[in-house]
Amino acid sequence: MNSSKPFHFAGHDTVALAQEYGTPLYVMSEDLIRQQCRSIREALLEKHPGSRAAYASKAYLSMAMCRIIESEGLCLDVVSGGELYTAREAGFPMERIILHGNNKSEEELTMAVEFGVGRVVVDHLEEINLLEALAAEKDRPMDIQIRIVPEVEGKTHRHIMTGQKDSKFGIPLVPEVIEKAVQSAMDSPHIKLKGFHFHLGSNLFQQEIYVEAIQRVMKLCHHLKQTLGYEAEEINAGGGYGIRYTEADQPQPPSWYTDAIMETVQKMAKELSLKQPNVIIEPGRWIAGEAGITLYTIGTIKEIPEVRTYVSVDGGLPDNIRPALYNARYDAVVANKADQPKTQTVTIAGKCCETGDILIYDLKTPPLERGDILAVLSTGAYGESMANNYNRLPRPATIMLKGEEVRVVNRRETYEDLLRREREADIS
Ligand code: LLP
């Protein structure tokens, strides 16, 4: 395991981290997260007063992350009672929360009213009535956005496309349907309709679809002003900015997206004689993705002559379901052999009883042996947050690096953790 130059991530020797904290291990860098937040602020918030950026917490959420996002001055997008509860327990200011969901329960909406969240993004006409009733009960005013479907298709995996007509999210872009929703919000005394929301999909490397969607929403705003006298104060353009998983990806800075969005908003507002709405964005992956890696220990190595060599690691599908779910591609480095020439091509397999549990096909590596440490890159988004216990594998620990400091922000699950709910059920 000796190497003259182990792989370093955010200034830390990853081989030493694996030795100290065990594997599989999620490693997040607070410095990198803050750097991403900073460039979002520079791209949008500092250039355009009144604009806001909400980190989409589904990408990676912990109380530690809430505190980082809070101190960076961003808002937080949550999509369930669980995410909302986590934010509140972390002391995140509730007025900076945006609550999403295509099927929010009455319990979740009640939490939103009681906690006083900043925005509820209403996904369906019925939800306006339900929210009005709950807000009236507590006599609390609620600010909402209506999520619409702009009917714009992003080039991404089918499972993470959301802007197209055939979607479970949002209200279709049919003027009569939207008019009904807007009218209903205007008639609800406890509800204030602040504007509209759309989200086109995830891991997108296109600018033109944001432009297209904004044009459609601005035209809708114009129509609503004419028909109902309603003028939107804000447009939420969702998230979706793509990141680098492998060398094939060419990520853009956030300004590439936000400049196009802002230019279109300004231009359309002028053309249509509308008050310029404030813009909100909701990047998730772009903030957390490249700020995280996963460390594994290599175990069994199986060579099938003229077919492939399977190199198995001590995690897999339960800690990173993305390759199995979306054919997602990752790159990885053999951390203790980072300076050795890559002389072979192998397939990195997980340890689950599942043929599809392959993390990386055709990875170039130096010669490998049991005990080597593999660092899979860009796992900070939708890794830990989508983790599960398939095969009753305990979920890994998560450590957060900050300068030279290392904090365990989520301890490794134990076998007893796996039984806890069963044992508690026995007691009751
Ligand atoms: N806003 C809304 C309303 C969303 O639904 C999402 C993601 C985002 C913002 C953030 O999108 P991002 O900037 O992270 O692309 N599990 C999938 C991704 C699902 C994303 C769902 N919504 C994956 O691992 O690729």
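1. In this predicted model, helix α2 and helix α3, the latter spanning residues 63–71, pack at an angle of about 35 degrees, and their axes are 10 Å apart. The crossing in which α2 passes α3 is right-handed. On the α2 side the contact is made by Glu30, Ile33, Arg34 and Cys37, while α3 contributes Met65, Ile68, Ile69 and Ser71. Sorted by class, this contact of α2 with α3 has 5 nonpolar, 1 polar and 2 charged residues.

2. Helix α2, which covers residues 30–45, also meets helix α9, which covers residues 254–271; the axes of these two helices come within 9 Å and cross at roughly 20 degrees. Because angles under 35 degrees count as roughly parallel, α2 is described as roughly parallel to α9. The crossing of α2 and α9 is right-handed.

3. The residues that make the contact between α2 and α9 are Ser39, Ile40, Ala43 and Leu44 from α2, together with Pro254, Ser255, Thr258, Asp259 and Met262 from α9. By class, the contact of α2 with α9 has 5 nonpolar, 3 polar and 1 charged residues.

4. Turning to the chain as a whole, the protein is divided into domain 1, which is made of the two segments 8–27 and 290–421, and domain 2, which runs over 30–289. The C-alpha centres of domain 1 and domain 2 lie 33 Å apart, and the contact between them takes 25 residues from domain 1 and 23 residues from domain 2.

5. The extent of the contact can also be put as an area, since the size of an interface is often given as the accessible area lost when the parts come together. Between domain 1 and domain 2 the buried area is about 2,200 Å², and carbon and sulfur atoms give 55% of that area.

6. Two local backbone features deserve a reader's attention. A cis peptide bond joins Thr23 and Pro24, with omega at about -10 degrees, and Pro24 lies in the loop between α1 (14–21) and β3 (25–29).

7. The other backbone feature concerns Glu151, a residue other than glycine whose phi is positive, with a value near 60 degrees. Glu151 is placed in the loop between β8 (142–149) and β9 (171–172).

Technical notes:
Residues numbered from 1 in each chain as written. Predicted model: local features only at pLDDT ≥ 70, side-chain atom pairs only at ≥ 80, totals over all residues. Heavy atoms only, no water. Axes fitted to C-alpha atoms, helices over the stretch in contact; angles between N-to-C directions. Helix = DSSP H or I, 4+ residues; strand = E, 2+ residues; numbered from the N terminus. Parallel < 35°, antiparallel > 145°, perpendicular 65-115°, else oblique. Left-handed = near helix turned anticlockwise from the far one by under 90°. Contact = heavy atoms within 4.5 Å. Nonpolar A, V, L, I, M, F, W, Y, C, P; charged D, E, K, R; others polar. Domains from an automatic or database assignment. Buried area = accessible area lost by both parts, 1.4 Å probe.
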